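Take a look at the sequence and the fold below. Then work through the questions one by one.

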Amino acid sequence: MVITSRNNPFIKRILSLREKKYRREYGEYIIEGVKQIREAVNGGCDFVSIVCSENYKGEHFLSEKEQLVSESVFEKLSEESAPQGILAVLKMPDCSVKAPSGNALLLDTLSDPGNLGTIIRTANAAGYTDIYLRNCTDPFSSKSVRASMSGIFFVRLHSGSLGEISEVLGDIPKICADMNGENVFRFQVPQRFCLVIGNEANGVSDEVRSLCRYTVRIPMRESCESLNAGISAAVLMYQLGAEKFRKL
């Protein structure tokens with residue numbers, strides 16, 4: 001059966017997932033496009049449904065989850081400028097706070113979804129599997145998911161209070177990113193650590209900074225005031241993990 005009405009309850013529920021409160025209420029979020037869906041399958045994500053436009057001719061996934069819709073209905077569902085004709089609804093993973101399996105990342109009050117998605121993408125590439133979110137923007141918003149370039153399917157997100165995060169990180173050394181810190185290229189990296197990245201405008205909060213044993217900076221020319229959070233996080237993640245990459 002092809003759904004042709006934009007007022008169909010199935011369609012209206014998917015449309016509601018554009019809003020954070022409904023993503024939280026249903027525990028679901030949207031991904032779009034062949035590559036993202038393929039990577040979500042490879043990442044073992046829990047699919048609720050896959051929606052295809054009736055003229056879609058591309059790759060198919062999990063046929064038992066598929067629902068065909070008319071072209072006009074798919075245009076309503078899609079947030080892409082050039083829709084591929086396929087999107088999916090996924091169950092959100094468990095984001096309760098648990099102990100890390102290796103070196104980790106703590107993001108403190110990040111507000112830009114593009115920055116958050118970029119950092120998730122880089123963390124996946126650099127092998128930081130556990131990412132702790134304290135008062136951050138929603139990682140399951142469409143902008144953040146797109147910016148993560150499928151990285152969100154291969155990391156573990158932990159969202160909680162500073163107390164919860166601090167408890168599971170325990171005595172793992174925290175390394176604060178700050179312009180007044182030690183040159184990261186001269187820094188003696190501890191065997192295990194958690195890198196802390198702060199808010200785009202205000203940096204790491206005093207509460208989180210008080211937990212940090214070290215502070216590092218990225219040296220820059222005087223003509224450059226700062227780097228954005230996504231770029232800074234990428235440089236620091238790779239530099240702090242450099243020893244691991246020398247072995248690859």
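Q: Are Tyr29 and Phe140 buried or exposed?
A: Buried means under 20% relative accessible area, exposed over 50%, partly exposed in between (1.4 Å probe, protein chains only). By that scale, Tyr29 and Phe140 get the same label. Both are buried.

This is a predicted model: local features need pLDDT of at least 70, side-chain atom pairs count only at pLDDT 80 or more, and totals for chains, interfaces and linings use all residues. Residues are numbered from 1 along each chain as its sequence is written, and side-chain values use heavy atoms, without hydrogens and water.

Q: Why is the pair of Tyr29 and Phe140 called tilted?
A: Rings of Phe, Tyr and Trp (its six-membered ring) pair if their centres lie within 6.5 Å; planes under 30 degrees apart count as stacked, over 60 as edge-to-face and the rest as tilted. Here the ring centres are 4.7 Å apart. The planes meet at 50°, so the pair is tilted.

Q: How many residues apart in sequence are the parts that this pair ties together?
A: Tyr29 lies in strand β2 (residues 28-32). Strands (E, at least two residues) and helices (H or I, at least four) are DSSP runs, numbered from the N terminus. Phe140 lies in the loop between β7 and α6, so the parts are 111 residues apart.

Q: How many residues of strand β7 are buried?
A: Strand β7 covers residues 130-134 and is mostly covered. Asp130, Tyr132 and Arg134 point one way, Ile131 and Leu133 the other.

Q: Which residue in β8 is the bridge partner of Leu133?
A: Two strands pair if DSSP finds at least two bridges between them. Four bridges join β7 to β8 (residues 156-159), and the strands run parallel. The partner of Leu133 is Ser159.
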